[in-house]
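Q: I have the sequence and the model side by side, and I would like to learn how to read such a structure one feature at a time. Could we begin?

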Amino acid sequence: MSKKHPIVAVTGSSGAGTTTVKRAFEHIFYRDGIKAAVIEGDSFHRYDRIEMKAEMARAAETHRNLSHFGPEANRFDLLEELFRNYGESGTGKQRYYIHSDSEADHHNARLGAQLKAGQFTPWEDLPEGTDVLFYEGLHGLVVTEEDNVAQHVDLGVGVVPIINLEWIQKIFRDNAERGYSAEAIVDTIMRRMPDYIRHVTPQFSLTDINFQRVATVDTSNPFIARDIPTPDESFVIIRFRDPERLQIDFPYLLAMINDSFMSRRNTMVVPGGKMGMAMEVILQPIIERMMDARKV
């Protein structure tokens with residue numbers, strides 16, 4: 001951990017709501033004039049899109065599990081190296097995983113390259129003079145026998161819907177955006193489950209704050225759901241691991257967020273439609289104190 005070069009890690013699987021918390025941080029950084037080095041977790045995958053398909057085929061032939069949730073498909077060593085270097089000196093290396101043709105066009109124009117969707121950009125130095133490193137992805141607080149990324153994080157935030165809701169969101173997203181069949185999506189969920197249990201779920205015990213969305217409609221069979229529960233059909237459970245260390249002012253938060261309440265001494269519940277607002281109200285004072293600590 002580092003007061004001079006703090007690291008904020010937002011951890012959650014794709015479609016879990018990490019985009020909402022990323023947007024909340026972007027608003028905070030903009031309002032407070034904070035320059036952030038933004039790191040996407042996908043950039044630390046071990047294989048590009050074509051390589052991953054080939055590796056998955058080889059894994060299937062040998063009855064070996066392989067998924068983006070686990071260490072075999074990622075470079076946890078390089079992620080820990082980046083966090084360590086940034087915490088010590090505010091420097092490090094980054095690259096981008098290109099998700100789409102429009103992203104490829106952007107990076108090709110920037111780099112004078114001819115990269116395609118599914119490939120990585122070359123490694124580059126982080127921008128100079130940043131105030132904070134902001135990571136958003138699957139493994140911001142991952143710990144294995146070989147690597148301990150979590151030890152370098154100053155503020156860890158988990159975003160995790162209850163599992164049936166997460167599956168509904170994945171099924172709808174992969175079908176609408178990628179054209180996958182329901183059978184293929186379920187197969188992916190089953191293949192990833194061992195790595196999800198071993199390497200993703202444990203991170204949520206290490207986070208400083210968890211935002212967990214819980215639906216108020218029936219999600220008991222996510223594989224036949226006809227639509228995704230809306231924010232107004234859900235609550236968000238916000239758990240603080242150590243409220244005293246984060247200086248959480250619960251009376252203030254309860255007054256600011258209508259219809260919120262406490263369910264435990266360290267847990268708030270807010271209406272699902274207030275999730276973005278709650279994130280900004282909670283996180284901005286924490287980030288501002290981190291920035292003040294840099295000046296001491």
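Q: What area is buried between domain 1 and domain 2, and what share of that area do carbon and sulfur atoms give?
A: Buried area is the accessible area, found with a 1.4 Å probe, that two parts lose on being put together, summed over both. In this predicted model, about 790 Å² is buried between domain 1 and domain 2, and carbon and sulfur atoms give 45% of that area. The domains, whose bounds come from an automatic or database domain assignment, are domain 1 (7-91 + 126-294) and domain 2 (95-120). Their centres, taken over C-alpha atoms, are separated by 24 Å, and the contact (heavy atoms within 4.5 Å) takes 7 residues from domain 1 and 9 residues from domain 2.

Q: Before we go on, which conventions stand behind such values?
A: Residues are numbered from 1 along each chain as its sequence is written, and side-chain values use heavy atoms, with hydrogens and water left out. As this is a predicted model, local features need pLDDT of at least 70 and side-chain atom pairs count only at pLDDT 80 or more, whereas totals for chains, interfaces and linings use all residues.

Q: How many salt bridges and how many residue pairs in polar contact are found across the interface of domain 1 and domain 2?
A: A polar contact is a pair of N or O atoms within 3.5 Å; within protein, one must be able to donate a hydrogen and the other to accept it, and residues adjacent in sequence count only if both atoms are side-chain atoms. Across this interface the rule finds 6 residue pairs in polar contact, both residues being at pLDDT 80 or more. For salt bridges (a side-chain nitrogen of Lys or Arg within 4 Å of a carboxyl oxygen of Asp or Glu), the rule finds 0 across the interface of domain 1 and domain 2.

Q: How many salt bridges does the structure hold, and which parts does the pair of arginine 241 and aspartate 208 tie together?
A: Side chains of opposite charge can pair when their charged atoms come close. The structure holds 11 salt bridges. In one of them, the side chains of arginine 241 and aspartate 208 meet at 3.3 Å, N to O. Arginine 241 lies in the loop between β8 (234-240) and α7 (243-246) and aspartate 208 in the loop between α6 (182-200) and β7 (209-215), so the pair ties together parts that are 33 residues apart in sequence. Helices (H or I, at least four residues) and strands (E, at least two) are DSSP runs, numbered from the N terminus.

Q: Are arginine 241 and aspartate 208 buried or exposed, or in between?
A: Buried means under 20% relative accessible area, exposed over 50%, and partly exposed in between, with a 1.4 Å probe and protein chains only. Arginine 241, at 42%, counts as partly exposed, whereas aspartate 208, at 6%, is buried.

Q: Where do glutamate 244 and arginine 265 lie?
A: Glutamate 244 lies in helix α7 and arginine 265 in the loop between β9 (261-264) and β10 (267-271), so their pairing ties together parts that are 21 residues apart in sequence. Their side chains meet in a salt bridge of 3.0 Å, N to O, and both residues count as exposed, glutamate 244 at 53% relative accessibility and arginine 265 at 57%. Salt bridges that share partners also join Asp208, Arg241 and Arg245 into one network.

Q: Which residues touch the most other members of the largest nonpolar core?
A: A nonpolar core is a set of buried Ala, Val, Leu, Ile, Met, Phe, Trp, Tyr and Cys residues joined through side-chain atoms within 4.5 Å. The largest one here has 35 residues, among which Phe25, Leu155, Ile238 and Ile287 touch the most other members. Helix α9 (residues 275-294) gives the largest share of this core, 10 residues. A second, separate core has 18 residues, including Ala9, Phe76, Phe83 and Leu141.

Q: What is the phi of histidine 63, and where is the residue placed?
A: Phi of histidine 63 is near 55°, a positive value in a residue other than glycine. Histidine 63 is placed in the loop between α2 (49-61) and α3 (76-89), and at 77% relative accessibility this residue counts as exposed.
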